[in-house]
Amino acid sequence: DLKHSFSMAGTVALPAVDTGRNVLITAVETTDDKPNKPPQLSVYRVEEAEITPVDPEGTHSPLPQTIPTGKVLTNIVNNLDFEGWTDRAKKVWFDYFKSDHSQYVISDAFWYCICKDFKPGSHVDMEEKLYDRISQNYVALFQKVSYSRKDFFFRRYYDAISQAVLFSMFLAYPKSRVKFTDEFRRDLMLRFAKWTTGIEPEFVDTSHWKLNLGGGDVLQSTQTTQTSGKLHLSEVTKSGALMGRQRESLARRAPRPVQQLRYSPLVEHFLKKKRYHSSNLIQPLSMALTSAEDRCKLMDEKHAVLVDRATKARHESQEMLDKYVLFEKELKAEERDIAKKIQKAKKKLEIRRKEVLRLEAHEFANYLVSLNLLQRAET
């Protein structure tokens, strides 16, 4: 019998996968109580993590014993935005998320990321085996989620897996926390989004990730330490080469690469591994998706430069206004000085006029003749 499931790329016919016994889950069942748990080792750095061989008959590779899986899963569901859904819907989502196959996906993804990101090239065969098992458990989880709830659950699933892997590394390897930067968190989100949906989201936000085990958000304090001393993006955008690249990129439309949407990579890998004939029933859908994130970053950089220019222009205009006000005060002071001199000169003329009127006419005539003679002598 075939169970028909719906993926983000369309409907795909998948063979039935044994999901185990149906039991009533009353609490978060973690892998801490599994009998095949390896003994706890004093490992505090992710580079020193011991990678045990993958058991082909096993369901998953257990997480380190130091990880409180139940608390981690609870933190994750509290971080997610359910967009006004009821508490009952949130509980339904959490029930699927804490199911066995979901925890198996998280455990194997944890070890896959350690091999891929911190031991590159050292465990290639193990990465392939882990990916095989991740795809198998993911398909089992995909079939377990009811048809009407697939979009509701898997829309947030890659975000939840990313948080689970990061929180597990954060708690298991405390001396390597400086390596779990914002860029690393973004890469985790892009990786699991690509695996589960077939599409890498353009805008990745991890600001809602919070890990509170009772003493506050430990991620925030670590993130503050990591970002201290780093240059802000706007401080790097002042070079002429970068401005030239901005003008060149913003002059054209954002690129729209064509992508083939069919199955998510995990489902496609599972179908190829099992060689099911029904895997060819769904035809790929070609869609041009705009790569807007890089363009938006360039716009932000350009706007930051424009803001700096506006601030500079405002300072220059204020300086010119101050100079004008000072110059105006100086002119008014000069005008007052000239007005005072003119007033004094008028008073002297008025006094002279009155003196002349008191004297006789022939004396004034002699005064005028003497002035005329003095002027001729000077010339």
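Student: Why is Asp 132 called partly exposed?

Tutor: Its relative accessible area is 22%. Buried means under 20%, exposed means over 50%, and partly exposed is in between (1.4 Å probe, protein chains only). With 22%, Asp 132 therefore counts as partly exposed. Keep in mind that this is a predicted model, where local features need pLDDT of at least 70, side-chain atom pairs count only at pLDDT 80 or more, and totals for chains, interfaces and linings use all residues. Residues are numbered from 1 along each chain as its sequence is written, and side-chain values use heavy atoms, with hydrogens and water left out.

Student: What makes Asp 132 and Lys 273 a salt bridge?

Tutor: Their closest N and O atoms are 3.4 Å apart. A salt bridge needs a side-chain nitrogen of Lys or Arg within 4 Å of a carboxyl oxygen of Asp or Glu, so this pair passes. The pair links distant parts of the chain, with Asp 132 in helix 4 and Lys 273 in helix 11 (residues 265-274), 141 residues apart. Helices here are DSSP runs of H or I with at least four residues, strands are runs of E with at least two, and both are numbered from the N terminus.

Student: Which class does Lys 273 belong to, buried or exposed?

Tutor: Lys 273 has 52% relative accessibility, so it counts as exposed.

Student: How many salt bridges does the structure hold?

Tutor: There are 9. One of them joins the side chains of Lys 332 and Glu 328, at 3.7 Å from N to O.

Student: Why are Lys 332 and Glu 328 separated by about one helical turn?

Tutor: Because they lie 4 residues apart in helix 12 (residues 293-358). Lys 332 counts as partly exposed at 43% relative accessibility, and Glu 328 also counts as partly exposed, at 31%. Elsewhere, salt bridges with shared partners join Lys 91, Asp 95 and Lys 98 into one network.

Student: Now to the rings. How many aromatic pairs are found in the whole structure?

Tutor: The search finds 23.

Student: Why is the pair of Phe 110 and Trp 111 called edge-to-face?

Tutor: A pair of aromatic rings is described by the distance of the centres and the angle of the planes. Rings of Phe, Tyr and Trp (its six-membered ring) pair if their centres lie within 6.5 Å; planes under 30 degrees apart count as stacked, over 60 as edge-to-face and the rest as tilted. The centres of Phe 110 and Trp 111 are 4.9 Å apart and their planes stand at 85°, so the pair is edge-to-face.

Student: How do you know that Phe 110 is buried?

Tutor: Its relative accessibility is 0%, so Phe 110 counts as buried. Trp 111, at 12%, counts as buried too.

Student: What makes Tyr 138 and Phe 154 an edge-to-face pair?

Tutor: Their ring centres are 5.6 Å apart and their planes are at 70°, so the pair is edge-to-face. This pair links distant parts of the chain: Tyr 138 is in helix 4 (residues 124-144) and Phe 154 is in helix 5 (residues 150-154), 16 residues apart. Both Tyr 138 and Phe 154 are buried. Ring pairs also link them into a cluster, with members including Phe 142 and Tyr 157.

Student: Why do we say that the charged end of Lys 150 sits over the ring of Phe 142?

Tutor: The charged end of Lys 150 is 4.2 Å from the ring centre of Phe 142. The rule asks for NZ of Lys or CZ of Arg within 6 Å of the ring centre and within 35 degrees of the ring normal.
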